[in-house]
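Grab a pencil and work through these exercises with the model open beside you. Try each task before you read its solution.

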Amino acid sequence: MTRIFLAICVVTSILFSFSCVQKGGDVNTAVATGDTIKVGAYGDTTGATSSFGQSTKNGIQLAFDEINAAGGVNGKKLEMIFEDDQGTPEKAKTVISKLINQDKVVAVLGEVASSNSLAAAPVAQEARIPMITPSSTNPKVTEVGDYISRVCFIDPFQGSVMAKFAANTLKAKTAAILGDNSSDYSKGLTQFFEQEFTKLGGTVITKQTYAQKDQDFKAQLTQMRDQKPDVIYVPGYYGEVGIIARQARELGMTQPLLGGDGWDSPELWKLGGAALKPAYISNHYSADNPAPEIQNFVKAYQTKFNVAPDSLAALAYDSAKVLADAIKRAGGTDSAKLKEAINATKNFAGVTGTITLDASRNAVKSAVVLELDPAASKFNFKETIYPEGMTPPTAATTPANSNMTANTTANSNTTNAATNTNSTANTNTANANANTNR
Amino acid sequence: MDTFVQQLVNGLTIGSIYALIALGYTMVYGILRLINFAHGDIYMVGAYTGFILATSLGFAANPSAFGFVVTLIGSMAIAAAIGMAIERFAYRPVRKFSKMTTLITAIGMSLFIEYLFVFIFSGTPRAFPQLITNDSYTLFGNATISASQILIFVVSILLMIALQYIIFYTKMGKAMRAVSFNLNSAKLMGINTDFVIAFTFALGSALAAAGGVLTAQYNPKIDPLMGIMYGLKAFVAAVLGGIGNIPGAVLGGLVIGAAETLVVGYGSYIGIPSTYRDAVAFAILILVLLIRPAGLLGSNVQEKV
């Protein structure tokens, strides 16, 4: 009996190793079979940041549906294979291996949280499968290798946007930072906010940290309350931020709370409620922007998924469109050619702005500052801030330029007017203008 | 000074919750010599039950003190039933094997509950409805206390008094003490030990569920993995106070809560960053095990080998 059992074990293990070798053999030459091109996507749909993964999945789905309805790419349909990584770096690594080795996808889209992208990126780089992260902003992500790129701006810029807003618009002299010590995203933002804020003449008087899933922040907040900062910067994710806001207000702290794109989730309003005022975040795009291609996207998304798109959905949509465009330009899915095509993306008109990848495969884009309005559960557009030395998009007209150099507050009405002039003046580049004018 | 008082209030608030959970650990250990690792998850189940009750009975739309009381008692009752069911179907069948078997069953049970809830509710954090108006009251100077903090103190003190009454002044309590003293002798004296054990699980689970609802009222964010850290800290609290010792569990909970809050508040002056908050609880555990293995209030019992 034991012998038979052993024999079965040996036979199956041989079979397994054989099939593994076979699989390993064509990893790098993953070819699209039949009439579909398989694209992998992964994100957190059941973990602590599950609204991020859900939005990303929806954004990609919408983009693929639109592309397929218009005839696909090079006559082939795009097919998304989505894997849930529960928001943990270990799982992210596992699911990206599954997508690449088992499903043989030609490219991967994901993750949102930088820590998860950082865990998965080396797998894609090693297998030489292009990976585009829609919304991981930590600079280290694309430093992993030339197969990793992103369609969003990076944290040195995002951190400086909020520092500029705090120092110039809110006239803050002192700031306190409460960061998430378990996330690369939050650590990066903390560092870059402090750098820029100090450069602009402000002082960061206290820095405190918490860990993801903490429930109580009153100890850190009480310590901050004594130091009376003008603003409090909380570069975290929505789950903790809502509670931090509540507890700060309970302790009688009325300072403006500042944050980043990690706050952008429909759940934020339920968790934070009225405590989320006054509060401002830096983000990738504003759904209020009246530019037609943004409104078309918002409408299409709303009809399909019955919820308003957050910036993560918009970025995912853009990343999918950038990928489709690159496949078209590469004339196929050969991974080396596809990588070259993605990295050569230039002036791609997306929902979140004009996407041009720089030498380190990061998108150079403007950011918007949004003001939170908990009563209406929405983000209101406040101002647009451009990266230093960003050359305005090719056909940028005077209003765009003046916005850029002055960093002034533009209310949505004037933006609207500027957009309209642009689109009538130059229909070809209207999209680009509309986005960067926000 | 008012900052210190504020930090102390913050610390004792979480400490009270740790104490409520620690009581369940300590009671089960006292009776079965079992560390019930699924206990932290019962705390989470309590919070979710409260969430479902409050939303389905319409208290979320019309918050009232009455709604809170119904939610609290309802989720305590349901959690008690779940605690008994876990004991009946997971622990009782393996009780006759070694203690290690039960311990591993407990760990399995804990993971099962966590991921069952991830499966049902997804891991996304939910907002617990605010059932009482959460006003802040000034103690003195800058130090404030919120209504939900007062609620935590009052309810946990009441529950602890009730527990003390049950254990020392009722027949059931006497039976529990007898079983904890010696299970087999108690059986010989005609005590229905299976029922006493089930009752202990029910009692502990109800207390943990109360902790869950109170925390959710204080920090309105619940997720399926919220019980892991609280469970571990409460376990440390139970060991700190002397596992199996009921006043010890309360003392341990308050000490852990205050210690970690003060580390966040004042640690930076002596070079301990606020990130070490969780490390403090476990450092205390290690120190206790080294210096006074029986815990603060525990008595040293010689183990027969």
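**Exercise 1.** Work out what share of the contacts in chain A with a separation of 6 or more comes from residues 24 or more positions apart.

*Solution.* Start with the term: two residues are in contact if their C-beta atoms, placed from the backbone, lie within 7 Å. Now take the contacts in chain A with a separation of 6 or more: 69% of them join residues 24 or more positions apart.

A word on the model: it is predicted, so local features need pLDDT of at least 70 and side-chain atom pairs pLDDT 80 or more, while totals for chains, interfaces and linings use all residues. Residues are numbered from 1 along each chain as its sequence is written, with chains lettered from A and ligands numbered from 1 in the order in which they are written.

**Exercise 2.** Find how β13(A) and β14(A) are arranged.

*Solution.* First, locate them: β13 covers residues 367-373, and β14 covers residues 378-385. (Strands are DSSP runs of E, at least two residues, numbered from the N terminus.) Next, check the pairing, which takes at least two DSSP bridges: here 7 bridges join the two strands, and they run antiparallel. A:Asp373 sits opposite A:Lys378. Finally, look at the turn: the strands form a hairpin with 4 residues between them, and A:Ser377 there has a positive phi of about 50°.

**Exercise 3.** Is β14(A) mostly covered or uncovered?

*Solution.* A residue is buried if 20 or more other C-beta atoms lie within 10 Å of its own, with C-beta atoms placed from the backbone. By that rule, 6 of the 8 residues in β14(A) are buried, so the strand is mostly covered.

Terms used
A residue is buried if 20 or more other C-beta atoms lie within 10 Å of its own, exposed if 12 or fewer, and partly exposed in between; C-beta atoms are placed from the backbone.
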